[in-house]
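Visitor: Hi! Could you walk me through this structure? I'd like to start with the charged pairs.

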Amino acid sequence: MKVQEYISSRREARPLHFTLLDPGKTSADDLITLAKQTAEAGTDGFMVGGSTDLSLENVDLAVETIKQTTHMPVILFPTHASSVSGKADAIFFMSLLNSESRQFLVGEQIASAPWVKKTGLEPLSMAYLVVAPGMTAGRVGQAQPLPRDQPDLVVSHALAGQYLGMKYIYLEAGSGASEPVPEEIIKSVRESIDVTLIVGGGIRTPESARKVVSAGADIVVTGTFVETSQ
Ligand code: 1GP
């Protein structure tokens, strides 16, 4: 089954949870433990990536480790074309729509496209929107983080992503953010778009995950919470 079908069929039953694992921050042994624990806890899939420069070997190893441990879908969440592992099931083929740099709007994508075709990775087109504070993702992606008090501006970006044909919209507060994306923003985007809405960054408690879901997220992503909860 394609990952896109896996996501949409699971979503018919309930909102989903994805676990983000960063091989730049986590050892191979810890990846096994974390993957096992989160799979047992009911996560729906894994994203592998990070904002820092990751080597292809590192990402290949992480993807293989997670797949062997859990047999669940692994989706790349890349920053640079150089770390696109052909061993994953799919790739969030994403454009950081509020980046000021051509590199993150379309440059890394052009660089990785032939490799995606060659390896048969399933591309999942995604508009990646960095909301303040944005953290490392915002800094590395040269984004002007979208202000937390301007839902209309975030909606404009999300709609532009949908009209450009992107099947997923990711609202990102930044890994380790003190607060998730505000509920008002999530609600406004949810009411405006028809495609799958992913929300991540700063979600560390069941309560905040619940709020993000009731505001309209289809998929909730946690990274830091998992990394720090062994
Ligand atoms: C980062 O949204 C993800 O891209 C996860 O963020 O590490 O804060 O959970 P956290």
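Guide: Happy to. This is a predicted model, and in it the side chains of Asp-44 and Arg-14 form a salt bridge, at 2.7 Å from N to O.

Visitor: Where do Asp-44 and Arg-14 lie, and what does the pair tie together?

Guide: Asp-44 is in the loop between helix H2 (28-41) and strand E2 (45-49), while Arg-14 is in the loop between helix H1 (3-13) and strand E1 (16-21), so the pair ties together parts that are 30 residues apart in sequence.

Visitor: And how many salt bridges does the structure hold?

Guide: There are 8 salt bridges in the structure.

Visitor: Nice. Switching to the ligand, which residues come nearest?

Guide: The ligand has 13 residues around it, and the nearest are Glu-172, Ser-175, Gly-176, Gly-223 and Thr-224.

Visitor: What lies 2.6 Å or 2.5 Å from a ligand oxygen atom?

Guide: For Ser-175, a polar side-chain atom is 2.6 Å from an oxygen atom of the ligand. For Thr-224, a polar side-chain atom is 2.5 Å from a ligand oxygen atom. Gly-202 contributes through its backbone: an N or O atom there is 2.8 Å from an oxygen atom of the ligand.

Visitor: How much of the ligand's area does the protein bury?

Guide: The protein buries 98% of the 310 Å² that the ligand exposes when taken alone. The ligand takes up the space of the largest pocket.

Visitor: Where does Pro-133 lie?

Guide: Pro-133 is in the loop between strand E5 (122-130) and helix H5 (135-140).

Visitor: Last one: which residues make the nonpolar surface patch of about 220 Å²?

Guide: Leu-105, Val-106 and Ile-110 make that patch, and Ile-110 belongs to helix H4 (residues 102-119).

Note on methods: Residues numbered from 1 in each chain as written. Predicted model: local features only at pLDDT ≥ 70, side-chain atom pairs only at ≥ 80, totals over all residues. Heavy atoms only, no water. Patch = residues over 30% accessible without salt bridge, like charges linked within 9 Å, V, L, I, M, F, W, Y side chains within 5 Å. Areas by Shrake-Rupley, 256 points an atom, 1.4 Å probe, with all protein chains shown as cover. Salt bridge = Lys/Arg side-chain N within 4 Å of Asp/Glu carboxyl O. Helix = DSSP H or I, 4+ residues; strand = E, 2+ residues; numbered from the N terminus. Near = heavy atom within 4 Å. Polar contact = N/O pair within 3.5 Å; in protein donor to acceptor, adjacent residues only side chain to side chain. 1 Å grid on protein atoms, 1.4 Å probe; cavity = no way out; pocket = protein on both sides within 12 Å on 5 of 7 lines; lining within 4 Å. Sits in = over half its atoms within 2 Å of the grid points.
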